[in-house]
Number of protein chains: 2
Amino acid sequence: MTQIIKYQLNESDMPRQWYNIVADMPNKPAPALHPGTGQPAGPQDFAPLFPMNLIEQEVSTQRWIDIPEPVLAIYAQWRPSPLYRARRFEQALGTPAKIYFKYEGVSPSGSHKTNTAVAQAYYNKLAGTKRITTETGAGQWGSALSYACNIFGIPLKVYMVKVSFEQKPYRKNMMQIYGAEVVPSPTNATNAGRAILAQDPNSMGSLGIAISEAVEDAAPREDTKYTLGSVLNHVLLHQTIIGLEAQKQFKMAGDYPDVVIGCCGGGSNFAGIASPFLADKFAGKQVRLVGVEPTACPTLTKGHFHYDFGDAVCTTPLMPMYTLGHDFAPAGIHAGGLRYHGMAPIISQLKKDNLIEAYAYNQIECFQDAITFARAEGIIPAPESSHAIRHVVVEAQRAKEEGKERVILFNLSGHGHFDMSAYDKYLAGAIEDVPLPQSSLDASWEKIKGLPKVA
Amino acid sequence: MTQIIKYQLNESDMPRQWYNIVADMPNKPAPALHPGTGQPAGPQDFAPLFPMNLIEQEVSTQRWIDIPEPVLAIYAQWRPSPLYRARRFEQALGTPAKIYFKYEGVSPSGSHKTNTAVAQAYYNKLAGTKRITTETGAGQWGSALSYACNIFGIPLKVYMVKVSFEQKPYRKNMMQIYGAEVVPSPTNATNAGRAILAQDPNSMGSLGIAISEAVEDAAPREDTKYTLGSVLNHVLLHQTIIGLEAQKQFKMAGDYPDVVIGCCGGGSNFAGIASPFLADKFAGKQVRLVGVEPTACPTLTKGHFHYDFGDAVCTTPLMPMYTLGHDFAPAGIHAGGLRYHGMAPIISQLKKDNLIEAYAYNQIECFQDAITFARAEGIIPAPESSHAIRHVVVEAQRAKEEGKERVILFNLSGHGHFDMSAYDKYLAGAIEDVPLPQSSLDASWEKIKGLPKVA
């Protein structure tokens, strides 16, 4: 019986500032562009969607940004989150590598999303927002924001991708328990939804469509704002508390990672754990940062660094990012949070500048490693997080082959308690890896070739 | 926005001994009786089922029992568990009462059951047990023991009540992920199972039948032992770490409870939080202890204090306890962990001696209060735990009516992440309260009248 090692910070050691990596990036992310004029989008272009205090964070180049006291007070329900040394997992893999993981599944909604949900709800409350809209795919973001909006007493409407709404009711129930209104997208209450339904009355929806609906609902209404659970700079900023805590915990452990790993959907959980370590790298420290994505949606590994829309029906500003094209339709893998066509501009720029690495894996190998992990450490990972675990195994096996000690840190971004139907299918041998044909990538790339290049 | 208050002990403050309430009870529980001879059952009568080190704990009258180091090391993954002051819940109820809760849902399997599962697996490992059997209803116990047996490398076979096996696959999946063999009970691999299937080939099983099967599988095999997740003295002992931690946390808070509340199925989670406070009561402190059960299975409130079998087909020793009769078949309420016909002898004796109180509630009112709680505190309670919450609300409302401050502590024994189908039904208005006719209680009582009375 190998002992578990937990590095638990006291509440008083919780970081009191977020780290804004933009301050230290050698090349800053290019500006978003107004979709109509093609000109750099200014704060006023975002004002219909976001309150000004969040827009200020979005464009800020200040290195450290104070976490407001009320946000810290709510974080304290589950933060600082634990850092574990996964010794039983190391043993199961027979690796000389030391594997550490930061566990974000301890939050009330069960993932890292709560970190930014609380902050966004707080800033909206401060700005007088009376109502919030958002979209959700598998539901991690929707449930985190429902939790946060409920605390601050802000009514929330969630456009939930219809296939998840119908096939995975439990995240929907969680949002309803927290008091949110949840509707299956596409709806016929928006132009975007009606346009999709006119083409295909049986459309099961997509994240891109749901974004279009949530944006259209919020933009024209003075008292309603829209929120996004990843991709944008301010969202990534709020997640940096993960890596900042991890740095303190590594000091407790008297250790330092050689490689830091996170799964990548929109990029926020990876940025959250990686950014503070990137700051060390900028200062000359040897550390590798690895983002992991599904082969079914290989944005960083097979996408193009190009301007593209954030949504499916081309209403958002153009974002400078790795993208597969805004109408790319990934296969229905169980890691619903990794099925986004684009990638955060910050992460995209870092990848472009070779400051981070990226790898893609199939879902069956990810489930397999998730079960090895669960059996060793007792925690069942979300399918998204299992992608990070897959790459941990690859690094650990390489360490074994090379006979080297290697210190690996990964972010276990959430638990899989609401994804057990996926595990049920995996255990029954009913999950397949669907190959992604190049022709499909080419087709969606073709649609965005005419949009501006990133300078 | 009201601030959450968390009282978090350091790992070094974790209690290093369990508290054995038997040492201090004014009347000790009567001995179990051998079902054949009717004579008090000695350690040797339990030897076919349990290893001798656990039997010694079962009959011990020593006040403090050391928690073995390897058990403490595993506990450290999630313990000390947090004590929260539920200020937003107080606010939602508009009560002057102060409400605290101890949260056991932070364990890897999501409930308090892990506390005893780890201890039982450890003692079995120490005793050389090569294989373990158990039963599970809704699956909280089965998944906790699967987690623990996996850590110690002991193969486990779980007899899972068939209706849960088929209708609630996710706890089954969790056990399988942890490496356990899970079979739907009744099986035709045991005499007990075959007897039931002969009467009713479509039997959906019951906890009593599953116990019979797990016992029959283990008893004749030298290398196989049986484990129980509640009821027995040693199981209640292992749970006392909950109350011992809570006492330390109340010291941090500078407060002390007027009333301590836990839901009651077999009695272990209630005993876990209540026993250390009962020790204070024995020493003259004013504190009330309240067990809460469902009206569908009202063991403490409508049962008889009498000897009865622990299982359905009358193979276990006779236990001195409050019982509804071993063939009592409760309605299919969602709090599967509260559907046991008997009650721990320790809890039964305490109730008989008026040292604790008991109340019963319908499930709809429990769901309603669980949702008020979830909305306030962000945590979705297991349906079992919602019974404790229901009584918290009653106490808080009484405090309001009386205009008194009252300090309430309850044990939130587990989260409801694997019970979302029950919430889904509740939210859809598809849950009913089924009245329990007196005739049904009379019929099952009739069956046990001829068994020995408790002296």
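How are α6(A) and α8(A) oriented to each other, roughly parallel or roughly perpendicular? Keep in mind on the way that everything here comes from a predicted model.

**Stop 1: two helices in chain A**

Select residues 140-152 of chain A, which make up helix α6, and residues 169-177 of chain A, helix α8. They pack at an angle of about 10°, with their axes 8 Å apart. Angles under 35 degrees count as roughly parallel, so α6(A) and α8(A) are roughly parallel to each other. The crossing of α6(A) and α8(A) is left-handed. Now show the side chains in the contact: Q140(A), G142(A), S143(A) and S146(A) come from α6(A), while R171(A), M174(A) and M175(A) come from α8(A). By class, this contact of α6(A) with α8(A) holds 2 nonpolar, 4 polar and 1 charged residues.

**Stop 2: a cis bond in chain A**

Stay in chain A and pick S185(A) and P186(A): the peptide bond joining them is cis, with omega about 10°. You'll find P186(A) in the loop between β8 (181-185) and α9 (191-199) of chain A. Why stop for it? Because most peptide bonds are trans.

**Stop 3**

Next, click on V231(A), in the loop between β9 (224-226) and α11 (233-253) of chain A. V231(A) isn't a glycine, yet its phi is positive, about 70°. Most residues other than glycine have a negative phi.

**Stop 4: helices that cross**

Select residues 363-377 of chain A for helix α15 and residues 420-427 of chain A for helix α17. Their packing angle is about 100° and their axes are 11 Å apart. That angle falls in the range of 65 to 115 degrees, so α15(A) and α17(A) are roughly perpendicular to each other. On the α15(A) side, the contact involves I364(A), F367(A), Q368(A), A370(A) and I371(A); on the α17(A) side, A422(A), Y423(A), Y426(A) and L427(A). The contact of α15(A) with α17(A) counts 8 nonpolar residues, 1 polar and no charged ones.

**Stop 5: a pair of rings**

Over all chains, the count comes to 41 aromatic pairs. For one of them, select F373(A) and F410(A): this pair is edge-to-face, with 5.8 Å centre to centre and 75° between the planes. F373(A) belongs to helix α15 of chain A and F410(A) to strand β15 (residues 407-412) of chain A, so the pair links parts of the chain that are 37 residues apart.

**Stop 6: over to chain B**

Which kind of axis relates the chains? Colour by chain: a rotation of 180° with 0.0 Å of shift along its axis superposes chain B on chain A, with an RMSD of 0.0 Å. That is the relation of a two-fold axis. To see where the axis runs, look for H417(B), whose C-alpha comes closest to the rotation axis of the residues of chain B, at 3.0 Å. Both copies use the same surface: 100% of the contact residues of chain B recur in chain A.

**Stop 7: two helices in chain B**

Select residues 113-126 of chain B for helix α5 and residues 140-152 of chain B for helix α6. They pack at an angle of about 40°, with their axes 8 Å apart, which makes α5(B) oblique to α6(B). The crossing of α5(B) and α6(B) is right-handed. Among the contact residues are K113(B), V118(B) and Y122(B) of α5(B), and W141(B), L145(B) and F152(B) of α6(B). By class, the contact of α5(B) with α6(B) has 11 nonpolar, 4 polar and 2 charged residues.

**Last stop: a cis bond in chain B**

Finish at R79(B) and P80(B), joined by a cis peptide bond with omega about -10°. P80(B) sits in the loop between α3 (69-75) and β4 (83-85) of chain B.

Notes. Residues numbered from 1 in each chain as written. Chains lettered and ligands numbered in written order. Predicted model: local features only at pLDDT ≥ 70, side-chain atom pairs only at ≥ 80, totals over all residues. Heavy atoms only, no water. Axes fitted to C-alpha atoms, helices over the stretch in contact; angles between N-to-C directions. Helix = DSSP H or I, 4+ residues; strand = E, 2+ residues; numbered from the N terminus. Parallel < 35°, antiparallel > 145°, perpendicular 65-115°, else oblique. Left-handed = near helix turned anticlockwise from the far one by under 90°. Contact = heavy atoms within 4.5 Å. Nonpolar A, V, L, I, M, F, W, Y, C, P; charged D, E, K, R; others polar. Least-squares fit on C-alpha atoms with pLDDT ≥ 70 in both. Phe/Tyr/Trp six-rings, centres within 6.5 Å; stacked < 30°, edge-to-face > 60°.
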